[in-house]
Amino acid sequence: MSADKLIIFDTTLRDGEQSPGASMTRDEKVRIAKALEKMRVDVIEAGFPIASQGDFEAVKAVADVIKNSSVCGLSRALQKDIDRCAEALKNAVNPRIHTFIATSPIHMQQKLRMEPDAVLEQAVNAVKMARGFTDNVEFSPEDAGRSELDFLCRVIEAVIDAGATTINIPDTVGYNVPEQFGSLIKNLIERIPNSDKAVFSVHCHNDLGLAVANSLSAVQNGARQVECTINGLGERAGNASLEEVVMAIRTRQDMFRCNTGIDTTQIMNCSRLVSGITGFAVQPNKAIVGANAFAHESGIHQDGVLKNRETYEIMRAQDVGWSDNRIVLGKHSGRNAFRSCLKDLDIEFDSEEALNEAFSRFKELADKKHEIYDEDLRALVSEASSQLADEHYKLVSLKVCSETGEVPLAEMIVSVDGQEFNASSTGSGPVDATFKAIEQVANSGTKLKLYSVNNITTGTDSQGEVTVRLELDGRIINGQGADTDIVIASANAYIHALNLLRNPDNREHPQHVNV
Ligand code: KIV
Ligand code: ZN
């Protein structure tokens, strides 16, 4: 008997973006969507189009370019949401509308202030409206994990009759435990007379650290779609992590009667891209994608692995896209070698200008750092394309004095639309002084919400990748910079965020928008 297909529905761009501070610009969403498509994700939930003009544009931009994955938009069970969602998805090759309404007693009474029969009617109407635009309609009874089974069965049966093709069961507040959640799925499939007309899906939150366990238990009980996010990003404690779900299914084929279509070698690429863009660093001991996930420190383990890898390893690092830290280029490498290395990494440029910019940055980097790895190239290209996007502010030069017993001082020249300005400031440290000096010129009124530094490869000559998150009037923007000098990387990240904030398309964070 051939194994079933387990549909992987990625919601990094929607639920993932609901993590406080994880807002993404339209272009960043498109970059992540392309990486997800390449990884062969089945469905990409790109956003919540009614939430804001910016999110509408982002969903539309994703729908316009993605060809091999279905693109999905979220909508409440309301006509205006569904119309907006359909409009954003109109160019998608395979559009899906995902509509939801809460079904738990607490949500119906306290949040919606609606009677159960009215909720049921609104759910059915919403599914019918969505079917007017596409035959690929998903319905979610929000807070299903705390809903009453009889009512849940009534709602689901009715929405399947109305045309829903996927029924997604969310554990919205991360309250369920694996055995209970698995039997909920089993009960629903067994009790609902038309359950064979829809795919059952699950969407688990990680408040008790059980999102992946609950999702896997649901799969063992008949769910054939899992909603998940890269690095487990998501509202509050996050959603089930895509890489953990996918690798558990693949590694434990003896326990699951299904398979995903995911190209697992793309996992690291997606993980790095998402952490770089959102500034949410991956903890070192995170399963699959953490820096230590495949590192063996103890002598006994190292000895065992050298004798036979399977003594302590259940997966191969290469299978999830960990590279061997290949030294790919050096100071003397030319443009052709550079281009061909990027091709190996599947990095493409939109224009010759972008390639030239990346090449000149590579030359600068190669002067400072003799061995250039895959990771360096990825960071460099991402930095080159982000800096090209809008260069209203540009760092021309920076000098920082930091000495024991002295107050750090930053002196810099910043160009604003090509005109150069000098600035200098002291600060509690070199980065603080640098940011204060930039603000002397920009006077942006922003608040610094996050500052994080990660090294891209190992060693003290590694590039530092910096994320700076700024907030202005409810809009939250992440800027990135990478350099072997982390103060320069920090200045570039700050300036990148300021440039992004100037673009009105880079919208408010969805959580700040009153839908
Ligand atoms: O957690 C949740 O209930 C959701 C729904 C919109 C599916 O994100
Ligand atoms: Zn959710």
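No salt bridges link domain 1 and domain 4: their count is zero, where a salt bridge would be a side-chain nitrogen of Lys or Arg within 4 Å of a carboxyl oxygen of Asp or Glu. Six residue pairs there are in polar contact, both at pLDDT 80 or more; such a contact is a pair of N or O atoms within 3.5 Å, and within protein one must be able to donate a hydrogen and the other to accept it, while residues adjacent in sequence count only if both atoms are side-chain atoms.

Please keep in mind that this is a predicted model, in which local features need pLDDT of at least 70, side-chain atom pairs count only at pLDDT 80 or more, and totals for chains, interfaces and linings use all residues. Residues are numbered from 1 along each chain as its sequence is written, chains are lettered from A and ligands numbered from 1 in the order in which they are written, and side-chain values use heavy atoms, leaving out hydrogens and water.

Here are the domains, whose bounds come from an automatic or database domain assignment.

| Domain | Residues |
|---|---|
| Domain 1 | 7-278 |
| Domain 2 | 294-320 |
| Domain 3 | 335-387 |
| Domain 4 | 393-501 |

Domain 1 and domain 4 bury about 600 Å² between them, 37% of it on carbon and sulfur atoms; this is the accessible area (1.4 Å probe) that two parts lose on being put together, summed over both. Of the area that domain 1 buries against domain 4, Gly21, Ser23 and Gly276 supply 50%.
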